Amino acid sequence: MAIEIANLGFQLNPLPAFSPVFVPRTILRSSKRFRFDRRNLLLLRPPASSLVDEQSQVSFTEPETRLIDSLIGIQGRGRSASPQQLNDVESAVQALEGLGGVPDPTSSNLIEGRWQLMFTTRPGTASPIQRTFVGVDNFSVFQEVYLRTDDPRVSNIVRFSEAIGELKVEAAASIKDGKRILFQFDRAAFSLKFLPFKVPYPVPFRLLGDEAKGWLDTTYLSQSGNLRISRGNKGLRTFSNVSVVQGTTFVLQKNTEPRQRFLSVISKGSGVMEAINEFISLNQNKATGEPQLLEGEWQMIWSSQQETDSWLENASNGLMGTQIVKGGQLKFLVDIFLGLRFSMIGKYEKIGANTYEITMDDAAIVGGQVGLPIEMESKFNIELLYTDDKIRITRGFRNTTFVHLRVA
């Protein structure tokens with residue numbers, strides 16, 4: 001089966017000796033994971049000033065910000081998106097395409113440079129290896145576009161980490177019209193930090209003929225040059241782990257905004273507390289009024305405390321799973337196995353400007369419509385350190401810091 005590094009443009013045969021670590025989703029069995037196991041040792045550069053240094057370079061209009069907001073919280077570049085999230089993204093994309101952006105984007109210098117893939121439609125249709133490349137947030141996926149040289153090229157890059165290296169697949173490119181780039185892939189290689197030379201990717205591009213060719217339309221390019229929307233044809237096999245089909249949508253950015261960089265740090269699992277402190281500090285002056293515990297379904301993506309040996313204690317104290325806030329009630333939900341879930345319901349009461357008292361006292365193991373009650377109670381306070389309609393940072397049980405994403 002071919003590896004379709006789909007979303008930026010190509011199909012490759014599987015590399016027999018190379019198999020990046022793929023860890024299936026779990027129930028957040030480690031508190032410092034973002035769905036993916038850290039044992040792959042993919043390290044992130046220290047994030048000390050990463051949330052701030054680029055801030056002045058990021059510029060988005062209101063319609064562009066609407067698209068960015070719709071992407072916040074979608075993991076795997078679209079792989080885990082719910083139908084509602086997909087609808088929100090598509091609506092924002094269509095609104096921007098209707099505005100037009102930079103005319104004739106392929107003629108603009110703004111299209112040149114390295115673009116990071118933030119989202120693609122239909123990412124779950126690719127091979128397991130391809131899903132490992134693009135569906136795993138530990139990997140960064142880029143597209144480089146350089147059209148105004150003696151050797152115009154479009155290159156697709158999977159960066160495994162700063163410590164390990166990257167895979168780069170290059171294509172000779174040409175401009176067909178104001179929106180369309182034609183390309184034909186002709187070389188690929190691994191650049192690994194622990195080797196002094198590049199390792200060729202064993203694909204006979206010359207023998208692939210039309211299979212190595214494709215086109216990419218830029219349907220929106222922002223005036224700032226920070227945001228691009230592209231669509232690929234069926235022959236275009238791009239970089240996300242998607243078999244690209246007619247109308248497949250790609251959202252790419254040159255610079256990301258602080259929330260995106262913050263979530264990227266969490267996904268990689270290194271320097272998270274430093275990033276949290278920086279993110280909170282960055283947003284302190286933007287807060288208006290007292291923060292509220294917003295209703296919705298919130299998925300825990302990180303906590304500062306390691307879980308105990310008792311999963312029941314972890315679940316009852318919010319150290320794993322999902323929280324549902326609705327109508328003055330708080331519910332903890334944790335998937336166990338084979339359709340069984342741990343459920344615990346309680347109440348919350350605001351007792352300070354940003355502090356809530358939590359009392360959880362209605363627990364059960366639930367399977368379908370049947371529940372087995374469990375006698376247990378948990379009381380603690382939570383302090384809202386930061387909240388918006390997508391991200392919530394709190395300090396709660398045993399002074400633990402939590403980061404939640406709103407998923408519904």
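Here is a walk through this structure, from the whole chain down to a few single residues. Keep in mind that you're looking at a predicted model.

Let's start with the big picture. The chain has 408 residues, and 53% of them count as buried. Its secondary structure comes to eight helices and 18 strands. What about contacts along the chain? If you take those between residues at least 6 apart in sequence, 64% join residues at least 24 apart.

Now let's look at how helices sit against each other. Two packed helices are described by the angle between their axes and the distance between the axes. Find helix α2, which covers residues 62-71, and helix α3, which covers residues 83-99: their axes are 9 Å apart and the angle is about 160°. Because of that angle, α2 is roughly antiparallel to α3. The two cross in a left-handed way.

Which residues do the touching between α2 and α3? On the α2 side you'll find P63, E64, R66, L67, S70 and L71, and they meet D88, V89, S91, A92, V93, A95, L96 and L99 on the α3 side. Sort the residues of this contact by class and you get nine nonpolar, two polar and three charged.

From α6, the residues P258, R259, F262, V265 and I266 meet V272, A275, I276, F279 and L282 of α7. By class, this contact of α6 with α7 has nine nonpolar residues, no polar ones and one charged.

Stay with α6 for a moment. At the start of α6, a side-chain oxygen of E257 comes within 2.8 Å of the backbone nitrogen of R259. Just after α6, you'll see G269 with a positive phi of about 80°.

Next, zoom in on a single residue in a strand. Q143 belongs to strand β2, residues 140-146. Its relative accessible area is 0%, so Q143 is buried. Which side chains does Q143 reach? Another, of 2.3 Å, links the side chains of Q143 and R228.

Finally, turn to V199, which lies in strand β6, residues 199-200. Buried means under 20% relative accessible area and exposed means over 50%. V199 has 27%, so it counts as partly exposed. Where does V199 make contact, once you set aside its neighbours within four places in sequence? The residues in question are A189 and F190. V199 and A189 are 10 residues apart along the chain, and their C-alpha atoms are separated by 5.3 Å.

Conventions
Residues numbered from 1 in each chain as written. Predicted model: local features only at pLDDT ≥ 70, side-chain atom pairs only at ≥ 80, totals over all residues. Heavy atoms only, no water. Axes fitted to C-alpha atoms, helices over the stretch in contact; angles between N-to-C directions. Helix = DSSP H or I, 4+ residues; strand = E, 2+ residues; numbered from the N terminus. Parallel < 35°, antiparallel > 145°, perpendicular 65-115°, else oblique. Left-handed = near helix turned anticlockwise from the far one by under 90°. Contact = heavy atoms within 4.5 Å. Nonpolar A, V, L, I, M, F, W, Y, C, P; charged D, E, K, R; others polar. Buried < 20%, exposed > 50% of the residue type's maximum accessible area, 1.4 Å probe, protein only. Polar contact = N/O pair within 3.5 Å; in protein donor to acceptor, adjacent residues only side chain to side chain.
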